[in-house]
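Visitor: I have a model open on my screen and would like to talk through its side chains. Can you walk me through them?

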Amino acid sequence: MVPLQDRNPTTRTAYVTYALVIVNILIFLYQLTLSPQELAAFFREWAVVPIELTASFRGELTSSSRPEWITLFTSQFLHGGFLHIGGNMLFLWVFGNNVEDRLGHVRYLIFYLACGALAALTQWFFDMGSPIPSLGASGAIAGVLGAYILRFPRAEILTLVPLGIFITTLYVPAWVFLGFWFIQQAFYGIASLQTPTNIGMQGGGIAYWAHAGGFVFGAILGPLMGLFSGKSPYDRQMTWQQRDRDLF
């Protein structure tokens, strides 16, 4: 299922979400200018390489001159292909504005980066010795999804649904769409414990544990950072719908 938009109004412009989309696209365009050898070196320098991160945590020397922990953040702005960045930016575009609306611009940016770093650490925990670069905004965006499902469980998501050879669209409650997404990531994470799961030029897989971890951390950090403070247009919309049901 592919999300197209949601029925969930906001009260402020999502400047941080838009900026994140633009920065990710600009960095991806820069990646396209690199040769395969240059791109591989670029990923090894700025993506999370689990075996290097493990060595840095042990106090050992690594192949890089910069602190290895920085890659927990820089890796969030790297992508392995058009489908990778296209899918990530679509999910961020659909769900990010409402979470930013509730948290505010500064707290939302901190929340986003923290979820991405914690998601990367989750993936690292399950594959500490991997030499394959791990990269992408998926973990941070999964955190946004975890916050969204808590705050707006009944928001309607316009979804593109393939039915065999036919494709249709329908509105699906957020708790159904995102709940299914999380269960899918957790299941694939368990199923892939013995296989390379980091997305990168060498592996080409998907970091399912980063997705699941980001989702869980987003659901934890969101309320702690003010996700439920104040009323939103969504709350008023739900109140009006409840009143209509009570009247009839």
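Here is a short chat about rings, charges and a surface patch.

Visitor: What kind of model is this, and how are residues numbered?

Guide: It's a predicted model, where local features need pLDDT of at least 70, side-chain atom pairs count only at pLDDT 80 or more, and totals for chains, interfaces and linings use all residues. Side-chain values use heavy atoms, with hydrogens and water left out, and residues are numbered along each chain as its sequence is written, from 1.

Visitor: How many aromatic pairs does a search of the whole structure find?

Guide: Rings of Phe, Tyr and Trp (its six-membered ring) pair if their centres lie within 6.5 Å; planes under 30 degrees apart count as stacked, over 60 as edge-to-face and the rest as tilted. On that basis, a search of the whole structure gives 15 aromatic pairs.

Visitor: What is the angle between the planes of tyrosine 148 and phenylalanine 152?

Guide: Tyrosine 148 and phenylalanine 152 are both buried, meaning under 20% relative accessible area, while exposed is over 50% and partly exposed is in between (1.4 Å probe, protein chains only).

Visitor: Why is the pair of tryptophan 181 and phenylalanine 215 called tilted, and how far apart in sequence are the parts it ties together?

Guide: The planes are at 35° and the centres 5.9 Å apart, so this pair counts as tilted. Helices here are DSSP runs (H or I, at least four residues; strands are E, at least two), numbered from the N terminus. Tryptophan 181 lies in helix α8 (residues 174-191) and phenylalanine 215 in helix α9 (residues 208-224), so the parts tied together are 34 residues apart in sequence.

Visitor: Which ring has the charged end of arginine 7 over it?

Guide: A charge sits over a ring if NZ of Lys or CZ of Arg is within 6 Å of the ring centre and within 35 degrees of the ring normal. For arginine 7, the charged end is 3.7 Å from the centre of the ring of tyrosine 171.

Visitor: Which residue forms a salt bridge with arginine 66?

Guide: A salt bridge means a side-chain nitrogen of Lys or Arg within 4 Å of a carboxyl oxygen of Asp or Glu. Arginine 66 also lies over the face of tryptophan 46, at 5.5 Å from the ring centre. At 3.2 Å between the closest N and O atoms, its salt-bridge partner is glutamate 68.

Visitor: Which helix gives the most to the nonpolar patch?

Guide: The patch on the surface is formed by Ile22, Ile25, Leu26, Leu29, Leu32 and Phe82. Patch residues have over 30% relative accessible area and no salt bridge, with like charges joined within 9 Å and nonpolar side chains (Val, Leu, Ile, Met, Phe, Trp, Tyr) within 5 Å. With five residues, the top contributor is helix α1.

Methods. Accessible areas come from the Shrake-Rupley method with a 1.4 Å probe; for residues, only the protein chains shown count as cover.
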